[in-house]
Every structure is written in structure tokens, then in C-alpha cells.
Amino acid sequence: METIGFIGAGNLGTPIVTNLLKAGYHVKVYNRTREKALPLEALGAELVDSPAAAATPGGIVMSLVADDKAVESVANDDLMKALGAGGIHASMSTISPDTSRTLAAHHQKQGVTYVAAPVFARPEAAAAKVGNAVISGPAAAKERIRPLLEAGFAKNIFDLGEDVGSANVLKLMGNFMIAGAIEMMAEAFALAEKNGVDAKVAYEMLTTTLFASPIFRGYGAMVVDRTYVGNPAFGAALGLKDMNLVLQTATRSHTPMPLAQLVQSRLMTVVARDVKDADWTALAMGALEDAGLKG
């Protein structure tokens, strides 16, 4: 079985690596904080001390890190040299489409192929392999990483074509729509409470009929129960980073997005208040507090 490099053993990377190990792959893992990757070593992963050490000549390295700067940091010349001709770097992070295009051009000069493959999944969905992947980049490289995405987390894979930035645009669209849904539910459930309607009953009715989907069921429960603080699966700071990228992309393409501006402001308030261990669903506090309810 092929040896795979994996950079980033965070909340999402850990279940993906775990699934790759279960599928029989030998996985070389680099994480900036080595101690956080020790559980993966216990499962059979090989921990390494640099991004380059995760690579094998002509092999595949997958990275899943926090932001644009983190991707640029790990995708350095040492990694390019270690992968060499025929190597593939699959970037699974949520980053700017422009950053992806710049990275792809730099990789190409080094003989390495860059593929964008951002992840749609919370950790529990990745562990159960019911997540979704969107991919863009050269066709042959996409086919080569497809089995890894399926083994690691993805129930569905959507191909956006050759432009590596396209998958990143779709990822930003998806995260914007999730954030918008959280805001919408916060406002709706505030309306319920202010008018004497049991918000939990409203949640059950709406999310099992008109809005029967994982997003409304999962995030709606967190909004209704106010369980958006403590052990976040996706932190508020990361959500703010994504909304900043959404608006950056919208500005460059002259696309008005007033709802994106609102949820960005909600998340900025959460971050500014330094709400401890806040999931990005904590943006719901804004609508509740605006209505005079306890967030």
C-alpha cells in the first residue's frame, strides 16, 4: 500500500488520518505541535519533524491546516524538492482561490502538481466517512488522490475542473451558506421565544419537514440548546477567517453580499469578546442578544 504524507493533525485531520490508517495506508504525519499527533502514532502513523519529511519522491502529500499563511509555510521549497517530479500536493484547507492559483504556479515550476481538495465535514462526519470533497486541478492528479479522499472522509466528490481556485470558491460559498443558516435560525428561534412558542418544538417541526437537512438539524440543535461554547469543532476565529475570505473574493468580483457582512460582524464580535472555546455557531448570540434574550 502506498505511503502518504499528511500535514496537520487537528480536529479534522485526525479522523481523516485515522481512516487512512484503517484502510491500510502507511501515513507519515507532520503536525506543528507534535504532542497533538501522538494518538495517531499509537494507531500506526509515523510522526516526522518537518513537512518535507512527510513526502516521498513522486508521492502524495495532503495538507489540512488553518489558513493561507499556514499552507504557504508548509508548501515550501523543501517540500517541493522532497516530492520532486510526479509528486502531488493536495491542499484540503479553506483558503483564498488566489492563494491556490499562486501555489499551483509555484508547484508547477518545481515539477509538482497542486490540487485543491477542500473538505466539507465536521470531525464526526469525517470519522464516519460521510463528508463531501470538492476538487479542482489537473485531471490525472485528481484521479490519483480520489481513492485517498474516499478512504479518508468523503462520501461524495465533486469535480470543479482544471482551475485550482474553483474548489476554493465553492468551499467559501458553502461555509457562507452554513453561517447564513446559523444566523437565520438564530433570528427565527428568537422570534419563537419572544412570542411564546417553544423553540425546541419549532426546531423539530422545521428541521424534520421543510428544512430536513444535516445543516439545519445539526447546527439548529446547537442554536436552540445554546451549546456553541466548549470544545469547538470549528472555532469562531476560523469562521471569521472564512467570512473574511468570502468578502475578499466578493469584493474582487464585484459581488454584493450583505448577509456575509452581517455574519462576519457577528463572528468578529465573538472573537473581540474573547468568548472562551467558542464554536462558530456562537455567532447566534448576536441575534438572541439583539432580541433581549440571553445568548
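A: Two strands are said to pair if DSSP finds at least two bridges between them. Strands (E, at least two residues) and helices (H or I, at least four) are DSSP runs, numbered from the N terminus. The model is predicted, and local features need a pLDDT of at least 70, side-chain atom pairs count only at pLDDT 80 or more, and totals for chains, interfaces and linings use all residues. Residues are numbered from 1 along each chain as its sequence is written, and side-chain values use heavy atoms, with hydrogens and water left out.

The account may begin with an open sheet of six strands, whose order is β3-β2-β1-β4-β5-β6 and whose pairing is parallel. Its edges are formed by β3 (46–47) and β6 (113–116); each has a single partner strand, so one side of each lacks a neighbour in the sheet.

The angles quoted run from 0 to 180 degrees between N-to-C directions, and the axes are lines fitted to C-alpha atoms, for helices over the stretch in contact.

The loop between β5 and α5 contains Thr-94. With a relative accessibility of 11%, Thr-94 counts as buried. Leaving aside residues up to four places away in sequence, Thr-94 touches Ala-66, Asp-68, Lys-171, Leu-172, Asn-175, Lys-241, Asp-242 and Leu-245.

There is also an open sheet of three strands, in the order β7-β8-β9, with mixed pairing. Here β7 (119–120) and β9 (154–159) stand at the edges with a single partner strand each, so one side of each is left without a neighbour in the sheet. Strands β7 and β8 (residues 131–135) run antiparallel and are joined by two bridges; in β8, Asn-132 is the bridge partner of Phe-120. Helix α7 packs on this sheet too, touching β8 and β9, and its direction makes about 155° with that of β9.

Turning to a contact between helices, the axes of α8 (residues 165–194) and α12 (residues 258–272) come within 10 Å and cross at roughly 75°. That makes α8 roughly perpendicular to α12 (a term for angles of 65 to 115 degrees). From α8, Phe-176, Ala-179, Gly-180, Glu-183 and Glu-187 meet Leu-259, Ala-260, Leu-262, Val-263 and Arg-266 of α12.

Technical notes. Parallel < 35°, antiparallel > 145°, perpendicular 65-115°, else oblique. Contact = heavy atoms within 4.5 Å. Buried < 20%, exposed > 50% of the residue type's maximum accessible area, 1.4 Å probe, protein only.
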